[in-house]
Amino acid sequence: MADFKAEAERLRERLIGWRRDFHRHPELAFEERRTAEIVADHLRRLGYQVQTGVAKTGVVGLLEGARPGPVVMVRFDMDALLVTEETGAEYASEVPGRMHACGHDGHVAMGMGLAELMAARRDEMAGTLKLVFQPAEEGGNGAEVMVKEGVLKDPRPDVFLATHVWNERPVGTADVTAGPVMAAAEKFTCVVKGRGGHGALPHLAVDPIVASAQVIAALQTVVSRNVSPLDTAVVSVGSIHGGDAFNVIPPQVEMTGTIRTYEPSTRETVLRRVREVVEGVSAACGAEAELEIQPLTPAVINDADIAEVVRKAAEAVLGPERVTSGERTMGSEDAAFFMEEVPGCYFFLGSANADKGLDAPHHNPRFDFDEEALVLGVAILAQAAAFYLL
Ligand code: NI
């Protein structure tokens with residue numbers, strides 16, 4: 001069996017160089033032009049068939065092996081965040097207010113490394129490697145746009161793989177879990193409409209602020225009273241706006257929030273109960289509610305067989321004692337749009353190193369990760385792809 005760890009090790013300096021270059025030049029969702037150009041040039045030089053401009057800035061690279069076989073798609077997200085970097089790193093962001101605070105700079109670097117390792121094995125390959133560099137993971141649902149633009153056709157992937165550097169775990173470890181690993185997410189917007197009036201004459205008004213307070217409190221019973229204690233869901237109100245003056249009852253209050261679930265049946269229950277609570281409690285207060293629930297991403301659900309292959313790959317690279325399973329998060333991830341169509345595995349790649357101070361959480365201005373994860377990630381992905389293609 002090929003020693004992908006040793007092969008990835010030889011790419012170390014370049015992986016770090018690529019990652020730091022992307023880190024210095026973060027680009028927001030659907031604006032990843034510089035990043036995409038570097039990726040596309042790299043893939044072309046390695047002999048990939050390259051398609052650019054997919055979902056605006058996405059890049060797809062195809063490497064056809066010498067013989068026919070399965071199509072393995074590996075996805076890397078490219079976008080940065082509206083965060084002002086405070087790491088003080090010598091490779092810190094050079095763009096004010098923008099930062100790779102989630103590690104997608106590392107993902108792109110890993111994709112370039114994987115592209116290189118696999119290109120060198122093209123003659124041994126039976127099947128096709130499809131590398132997808134995706135824009136706009138952070139809220140723009142770039143994956144959904146790519147699917148609409150046909151990224152899962154010509155050729156259609158048989159297997160989907162993706163990873164995320166994960167600062168909740170130490171570098172040198174990974175977690176590969178079958179079944180659901182990231183939640184389905186919806187956004188809701190709720191307007192509670194009353195009748196404005198004088199703060200001293202509440203009996204002549206319908207107070208949407210009091211109604212909203214009761215709606216918010218009652219929403220917290222959806223998870224605690226309607227969802228099985230053995231299942232999981234979240235209902236969070238994230239914003240509330242109403243009123244301008246201390247002595248005026250405003251006509252309406254607007255709230256937004258998020259709902260997270262794993263199981264489709266739980267999702268259905270929670271969505272139904274949120275609507276019943278918002279409308280029913282508002283009505284009990286004499287107010288009217290308008291509720292809009294907008295689905296954002298489905299749940300990320302790993303295929304058991306593919307997760308087993310990825311687990312073996314991770315164990316081969318890291319050692320069995322360093323690969324866990326069971327990590328799940330209520331965060332969401334638009335890779336779910338690919339995984340609704342193609343069975344796959346999305347795994348967490350440990351990247352924190354507390355001794356080096358590289359353990360701030362994702363999306364934090366001090367976020368940074370141990371670049372050893374780049375080497376290990378390339379090796380695991382290459383090993384997993386090799387199970388299908390070599
Ligand atoms: Ni991320």
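Here are two exercises with worked solutions.

This is a predicted model, in which local features need pLDDT of at least 70, side-chain atom pairs count only at pLDDT 80 or more, and totals for chains, interfaces and linings use all residues. Residues are numbered from 1 along each chain as its sequence is written, and side-chain values use heavy atoms, leaving out hydrogens and water.

**Exercise 1.** Find which residues coordinate the nickel ion, and decide whether Cys 102 is buried or exposed.

*Solution.* 
- Step 1: Look for donors, meaning N, O and S atoms within 2.8 Å of the metal (3.2 Å for Na, K and Ca); water is not among the atoms, so sites may look incomplete.
- Step 2: Cys 102 (SG), His 104 (NE2) and His 164 (NE2) coordinate the nickel ion at 2.1 to 2.2 Å.
- Step 3: Their spacing in sequence reads C-x1-H-x59-H.
- Step 4: Buried means under 20% relative accessible area, exposed over 50%, and partly exposed in between (1.4 Å probe, protein chains only).
- Step 5: Cys 102 counts as buried because its relative accessibility is 8%.

**Exercise 2.** Work out in which order the four strands of the open sheet lie, and which strands stand at the edges.

*Solution.* 
- Step 1: Strands (E, at least two residues) are DSSP runs, numbered from the N terminus, and two of them pair if DSSP finds at least two bridges between them.
- Step 2: The order is β10-β12-β8-β13, with antiparallel pairing.
- Step 3: β10 (233–241) and β13 (288–297) each have a single partner strand, so they stand at the edges.
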